[in-house]
Amino acid sequence: MQDTIAVALITSLSTLAAAALTGLVGARGTRRQLAHQLAVAAQDSVERRNTRRDELRRDAYVGFLSACDQAYRHLDRRWLEPGGGGPTPGYDEAYAALRAGDEAYNLVLLEGPAEVESAARAVLASVTAEHADQRRLGDEPGDGSAPLRDRHRERWLAAIEVRTRRRLAFVEAVRPVLGHDR
């Protein structure tokens, strides 16, 4: 009888030990699965956040270039109009386009990074300088029937060159940020 109790005790202890061991292995496996799922969820969250940031940056950069293009169109019109297309009192379309460029630049400032901000600042400064140059040239006495481009050809060509260089520098600063190698 003592042997039967000993066998029963050993059997029940081994059954309990097996159940505990199975529970421990199961708990560790579950914990590993949960840790993996949390890591995957965190990685997905980071990827979604990065994708959203990239979309916002791209929209800000495209908006900035679009606003600059609008300002360039107004500046071009002023270069080509007879008399230089001087601003009418109280309303200046080129100035309004410059202000839109300033607003678009604010979004670039928010989205960054510093290299892109710097390049955008250079583009905006060149547009503003060209606008100021046109106003000065338009106010000069002389043949008001000829376009500014014809009266100040060197200034016009220099302005176009500056536009091109600044804009390309901006695009080159943006490409690595958006993940475009070239």
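**Exercise 1. The nonpolar cores**

Task: In this predicted model, find how many residues the largest nonpolar core has, and which residues have the most contacts inside it.

Solution: Begin with the count, which is 25 residues for the largest nonpolar core, and then pick out those with the most contacts inside it, namely Tyr61, Phe64, Val116, Val123, Val127 and Phe170. Next, ask which helices build this core: α1, α2, α3 (114–139) and α5 (153–177) each supply at least two of its residues, and α1 gives the most, with nine residues. Finally, look for a second core, which is separate, has five residues, and includes Trp79, Leu148, Trp156 and Ala159. As background, in soluble globular proteins nonpolar side chains tend to be buried together.

**Exercise 2. Helices α1 and α2**

Task: Work out how helix α1 and helix α2 are oriented where their axes come within 8 Å.

Solution: Two packed helices are described by the angle between their axes and the distance between the axes. Here α1 covers residues 2–80 and α2 covers residues 93–111, and their axes cross at roughly 160°. An angle over 145 degrees counts as roughly antiparallel, and α1 is therefore roughly antiparallel to α2. The handedness comes next: α1 passes α2 in a left-handed crossing. Sorted by class, the contact of α1 with α2 has 15 nonpolar, four polar and six charged residues.

**Exercise 3. His74**

Solution: First place His74, which lies in helix α1.

**Exercise 4. Helices α3 and α5**

Task: Describe how α3 and α5 pack, and say which residues meet.

Solution: The axes of α3 and α5 are 8 Å apart, and the angle is about 165°, so that the two helices are roughly antiparallel to each other. Their crossing is left-handed. The residues that meet include Val116, Val123 and Glu130 in α3, and Arg163, Phe170 and Val174 in α5. To finish, divide the residues of this contact by class, which gives 13 nonpolar, one polar and seven charged.

Notes
Residues numbered from 1 in each chain as written. Predicted model: local features only at pLDDT ≥ 70, side-chain atom pairs only at ≥ 80, totals over all residues. Heavy atoms only, no water. Axes fitted to C-alpha atoms, helices over the stretch in contact; angles between N-to-C directions. Helix = DSSP H or I, 4+ residues; strand = E, 2+ residues; numbered from the N terminus. Parallel < 35°, antiparallel > 145°, perpendicular 65-115°, else oblique. Left-handed = near helix turned anticlockwise from the far one by under 90°. Nonpolar A, V, L, I, M, F, W, Y, C, P; charged D, E, K, R; others polar. Core = buried A, V, L, I, M, F, W, Y, C linked by side-chain atoms within 4.5 Å. Buried < 20%, exposed > 50% of the residue type's maximum accessible area, 1.4 Å probe, protein only. Contact = heavy atoms within 4.5 Å.
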